[in-house]
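Let's walk through this model together, starting with the backbone and ending at the ligand. Keep the viewer open as you read.

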Amino acid sequence: MIAGIGYQGIGMTSQRTRERLVERLRQRGIQDPRVLDAIRNTPRHIFVDEALASRAYEDTALPIGHGQTISQPFIVALMTQALLERQPMNKVLEIGTGSGYQTAILAQLVKRVYSVERIEALLKLARMRLRALKLKNAHPRHCDGGMGLPQYAPYDGIIVTAAPEYIPESLIEQLVVGGHMILPYGQRNRQQLVRVVRTPHGYETERLESVSFVPLLGGTQ
Ligand code: SAH
């Protein structure tokens, strides 16, 4: 059994604590009701180790092993809201599956999600959780996503959940014209979350927030 999927005990309180989290996100400026609903409907406690389940509805990043973290709910909501703004998203690529939480949120809001993760152990757990939630339109894969996933391109949107130092041009090329990429980039402690929109002749970027993500790394393990 996966840590947290056989949990009955905390089910009773989790609906209330989830509602509190949604309220907090609303206060922090998340307005898209689709995003708030997805957060409300997603059991974040099954995406973390059982020992951390009681903290799953705090608005904070938590460790998921292998030196990685499940992103802070506010950041997940902000990235998802920014992705969905302005145009419909059918096919989306996520780079950095991690726990699978952001994937699960996306799978409820777009038609098809491809998600790549370089650490096999994390990917396996994420795949089991997505299956348990019956999110059949989520397609997790074990590979290095630093260069994207060209075989299914172009994407309407790309979300990168680990930070490269610079905006990777190879990812922009995998967007449709008008498509959005939401990504953090920069050096540790000085990262910015931006929206990159592919235009007919290049791209435009818009700064969203100062953030702190784990680095985008090369290779698989
Ligand atoms: N979206 C995740 C966040 C996980 S942290 C969640 O909600 O839990 C970022 C993840 O990106 C880590 O699991 C890390 O292993 C992965 N990662 C880093 N570089 C990568 C790369 N080049 N390709 C694929 N995944 C990568």
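H66 sits in the loop between β1 and β2, where strands are DSSP E runs of at least two residues and helices are H or I runs of at least four, numbered from the N terminus. H66 isn't a glycine, yet its phi is positive, at about 60°. You'll find P154 in the loop between β5 (138–142) and β6 (155–160). For context, most residues other than glycine have a negative phi, and most peptide bonds are trans.

A quick word on ground rules: this is a predicted model, so local features need pLDDT of at least 70 and side-chain atom pairs count only at pLDDT 80 or more, while totals for chains, interfaces and linings use all residues. Residues are numbered from 1 along each chain as its sequence is written, and side-chain values use heavy atoms, with hydrogens and water left out.

Now for the rings. Searching the whole structure turns up three aromatic pairs (ring centres of Phe, Tyr or the six-membered ring of Trp within 6.5 Å; planes under 30 degrees apart are stacked, over 60 edge-to-face, the rest tilted). F47 and Y101 are edge-to-face because their planes meet at 70°, with ring centres 5.6 Å apart. F47 belongs to the loop between α2 (33–41) and β1 (62–65) and Y101 to helix α4, so this pair ties together parts 54 residues apart in sequence.

On to the ligand. What surrounds it? There are 26 residues around the ligand, and S99, E117, D144, G145 and L217 come nearest (a residue counts if one of its heavy atoms lies within 4 Å). That shell divides into 11 nonpolar, 11 polar and four charged residues. β2 gives the largest share, three residues.

As for polar contacts (N or O atoms paired within 3.5 Å), an N or O atom in the side chain of E117 is 2.6 Å from a ligand oxygen. Alone, the ligand exposes 580 Å², of which the protein buries 99% (Shrake-Rupley areas, 1.4 Å probe).

Note on methods: A polar contact is a pair of N or O atoms within 3.5 Å; within protein, one must be able to donate a hydrogen and the other to accept it, and residues adjacent in sequence count only if both atoms are side-chain atoms. Ala, Val, Leu, Ile, Met, Phe, Trp, Tyr, Cys and Pro count as nonpolar, Asp, Glu, Lys and Arg as charged, and the others, Gly among them, as polar.
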